[in-house]
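The entries below follow the order in which I checked them.

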Amino acid sequence: MFDLQIYSLGLAAALTLGLSGWIASLPLKDVSIVDSLWSLFFLLMGGIYLLLAPAWGTRALLVFALTAIWAIRLSAFITRRNHGHGEDRRYQAIRADHEPGFWWKSIYIVFGLQALLAWVISLPLLAALLGRSPLGWLDAVALGLWLVGFFFEAVGDRQLAEFKARPENRGQVMDRGLWRYTRHPNYFGEACLWWGFFLFALAAGGWWSILAPILMTFLLLRVSGVSLLEKDIQERRPAYRNYIERTNAFFPGPPRRSSEG
């Protein structure tokens, strides 16, 4: 089930892709392109795991197809969203904190770190793609959870993009659609996706891959997701304070009455 050699080749592939992204970022002076690469790390590693698997079972083909659908959609969405906007302010802050010499430091601060994190989080893919046990009821649960996650992530992304595209919404807080029930439907969806991948791995006997969804959820809640985006948002956008009072941060739930109404 766990094959260290195949898993190590996944790391080598992820680091190679990260290195390529770093090289591409130098003339652009924009490390934001790593966001477009994030999901592609998993697609690349998943392809390697599948190609080197002793046999291709139904679960393996299903999980790889789901990985491809998720990875291509997310990478394409982020690439379109970021095109023409320059380096994201999060990375501008990191750049400022690590000057002089950020151009070379970014190879490990940004690209290498994300490749390494993706490698660890890819553990459920390794287990599911190398497993040989037949499909069972747990795979059905896994698929259901994955579909819920994909819905929240894809629909949430689209709703926010359409909201921002309308000039009349400039400076307004997005609190419609899925964003009415959670302030971060896309992050909630991402977490569900990876718990779904873990259930596929569990069905294949890969209980040891539970570190991956735990790490992903922690990152989404405490590191690069909710906490980072909301660190100073109330100072930059005062109307967001009311939104926080009435809307769950992560798990969807009915809106609450705020102190302003």
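I take contact to mean heavy atoms within 4.5 Å. The model is predicted, so I kept its thresholds in view: local features need pLDDT of at least 70, side-chain atom pairs count only at pLDDT 80 or more, and totals for chains, interfaces and linings use all residues. Residues are numbered from 1 along each chain as its sequence is written, and side-chain values use heavy atoms, with hydrogens and water left out.

**Entry 1: glutamine 114**

I looked up glutamine 114 and found it in helix α5. Helices here are DSSP runs (H or I, at least four residues; strands would be E, at least two), numbered from the N terminus. Is glutamine 114 buried or exposed? Its relative accessible area is 15%, so I logged glutamine 114 as buried. The classes are buried under 20% relative accessible area, exposed over 50%, and partly exposed in between, with a 1.4 Å probe and protein chains only. Not counting residues up to four places away in sequence, glutamine 114 touches Val34, Asp35, Trp38, Phe41 and Tyr91.

Leucine 17 lies in helix α1. I set aside its neighbours within four places in sequence and found leucine 17 in contact with Leu37, Leu40, Phe41 and Leu44. I also checked leucine 17 against alanine 115: they are 98 residues apart along the chain, and their C-alpha atoms are separated by 8.0 Å.

Arginine 73 I located in helix α3. Which residues does arginine 73 touch, not counting residues up to four places away in sequence? They are Phe150, Glu153, Ala154 and Asp157. The C-alpha atoms of arginine 73 and alanine 154 are separated by 8.1 Å, at 81 residues apart along the chain.

**Entry 2: helix α3 and what follows**

I then took the span of α3, which covers residues 58-82. Its 25 residues reach 36 Å from first C-alpha to last, close to the 36 Å expected at 1.5 Å a residue. The expected span is 1.5 Å times one less than the number of residues. Glycine 84 follows α3 and has a positive phi, near 80°.

Most residues other than glycine have a negative phi, and most peptide bonds are trans. I noted two departures.

Lysine 29 is not a glycine, yet its phi is positive, about 50°. I placed lysine 29 in the loop between α1 (4-28) and α2 (33-51). Lysine 29 counts as exposed because its relative accessibility is 62%.

Glutamate 99 and proline 100 are joined by a cis peptide bond, with omega about 0°. Proline 100 sits in the loop between α4 (89-97) and α5.

**Entry 3: helix pairs**

Two packed helices are described by the angle between their axes and the distance between the axes. Axes are lines fitted to C-alpha atoms, for helices over the stretch in contact, and angles run from 0 to 180 degrees between N-to-C directions.

I began with α5 (residues 102-121) and α9 (residues 211-223), which pack at about 135° with axes 8 Å apart. The two are therefore oblique to each other. Angles under 35 degrees count as roughly parallel, over 145 as roughly antiparallel, 65 to 115 as roughly perpendicular, and the rest as oblique. On the α5 side the contact is made by Leu117, Val120 and Ile121, and on the α9 side by Leu211, Ala212, Leu215, Met216 and Leu219.

Next I checked α6 (residues 123-130) and α8 (residues 185-203): the axes come within 8 Å and cross at roughly 35°. The crossing is left-handed, meaning that the near helix is turned anticlockwise from the far one by less than a right angle (clockwise would be right-handed). Pro124, Leu125, Ala127 and Ala128 of α6 meet Trp194, Phe197, Phe198, Phe200 and Ala201 of α8. The contact of α6 with α8 divides into 9 nonpolar, no polar and no charged residues.

Last, α7 (residues 137-165) packs with α8 at about 160°, axes 7 Å apart. That makes α7 roughly antiparallel to α8. The crossing of α7 and α8 is left-handed. I recorded 18 nonpolar, 5 polar and 4 charged residues in the contact of α7 with α8.

Key: Ala, Val, Leu, Ile, Met, Phe, Trp, Tyr, Cys and Pro count as nonpolar, Asp, Glu, Lys and Arg as charged, and the others, Gly among them, as polar.
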